[in-house]
Amino acid sequence: MAASPATSSAAARASTFARLSNAPLRAPRAAAVSFPSPNSARPAALVADARASRLPVVAAAAGGHQRLMGSLTNTEGLRFGVVVARFNEIVTNLLLQGALEAFERYSVKAENITVVSVPGSFEIPVAAQKLGKSGKYDAILCIGAVIRGDTTHYDAVANSAASGVLNAGLSAGVPCVFGVLTCDDMDQALNRAGGKAGNKGAETAITAIEMASLFRHHLA
Ligand SMILES: Nc1c(NC[C@H](O)[C@H](O)[C@H](O)CO)[nH]c(=O)[nH]c1=O
Ligand SMILES: CC(=O)[C@@H](O)COP(=O)(O)O
């Protein structure tokens with residue numbers, strides 16, 4: 001039986017996402033994709049560009065409506081602040097390294113990245129808010145590692161970091177991306193800082209790029 005249009009479109013999206021997640025992190029430089037501004041939409045060209053670049057925006061254009069999405073390939077001129085906590089530094093250094101390597105893979109220039117060091121994850125939000133409000137950055141990446149101890153201190157720090165980073169982004173109007181691990185033990189943390197579960201620093205850098213591009217090119 002032939003697949004219904006809805007089914008094939010869902011399957012196409014799923015396959016696009018699958019290819020994206022399996023794809024090497026290096027961005028395809030040649031296939032620069034820029035999404036149209038509201039008054040310059042060229043759906044056919046957009047669809048072709050999106051196919052060539054493996055970005056999952058094809059269905060949006062076909063539906064006739066506009067779907068705004070940040071680009072991972074057009075990072076020219078985007079500026080990032082990175083706030084990194086020194087508490088559990090063995091973990092946060094690995095997360096930072098993953099983030100910086102991801103920025104490099106996506107052609108974000110080192111001169112457009114400012115790293116700010118703070119004592120612990122509790123201090124991340126206020127620094128993120130300050131950077132966000134400075135108007136100098138397109139997105140702020142927040143990196144920390146909260147690891148459970150014997151008391152309820154863990155919950156206070158983890159929850160404050162999460163809601164604080166959210167509030168920093170909302171009050172500054174600049175995307176503040178949450179790259180703070182909240183783990184039961186050091187093994188869990190190291191697995192997520194370049195071990196078996198990947199590097200969450202790299203993942204959050206990629207989220208920061210997408211959000212920065214979305215805000216710069218579509219929501220400004
Ligand atoms: N226990 C963890 C902390 N605690 C320190 C706090 O973040 C803060 O620096 C202190 O309470 C002073 O305000 N920080 C982490 O990043 N990770 C932890 O596991
Ligand atoms: C945030 C923590 O889990 C840790 O530093 C505090 O440990 P504890 O709860 O044993 O005092």
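How far is an oxygen atom of ligand 1 from an N or O atom in the side chain of N88? The separation is 3.3 Å, and a polar contact here means a pair of N or O atoms within 3.5 Å.

Before going on, please keep in mind that this is a predicted model, in which local features need pLDDT of at least 70 and side-chain atom pairs count only at pLDDT 80 or more, while totals for chains, interfaces and linings use all residues. Residues are numbered from 1 along each chain as its sequence is written, chains are lettered from A and ligands numbered from 1 in the order in which they are written, and side-chain values use heavy atoms, with hydrogens and water left out.

Staying with ligand 1, an oxygen atom of the ligand is 2.6 Å from an N or O atom in the side chain of S121, and a nitrogen atom of the ligand has a backbone N or O atom of A145 at 2.8 Å. Of the 440 Å² of accessible area that ligand 1 has on its own, the protein covers 77% (areas by the Shrake-Rupley method with a 1.4 Å probe).

The residues around the ligand, meaning those with a heavy atom within 4 Å, include F87, G120, H153 and V157. Strand β3 (139–147) gives the largest share of this shell, three residues, and helix α6 (153–172) supplies at least two; helices are DSSP runs of H or I with at least four residues, and strands are runs of E with at least two, numbered from the N terminus.

Methods:
Polar contact = N/O pair within 3.5 Å; in protein donor to acceptor, adjacent residues only side chain to side chain.
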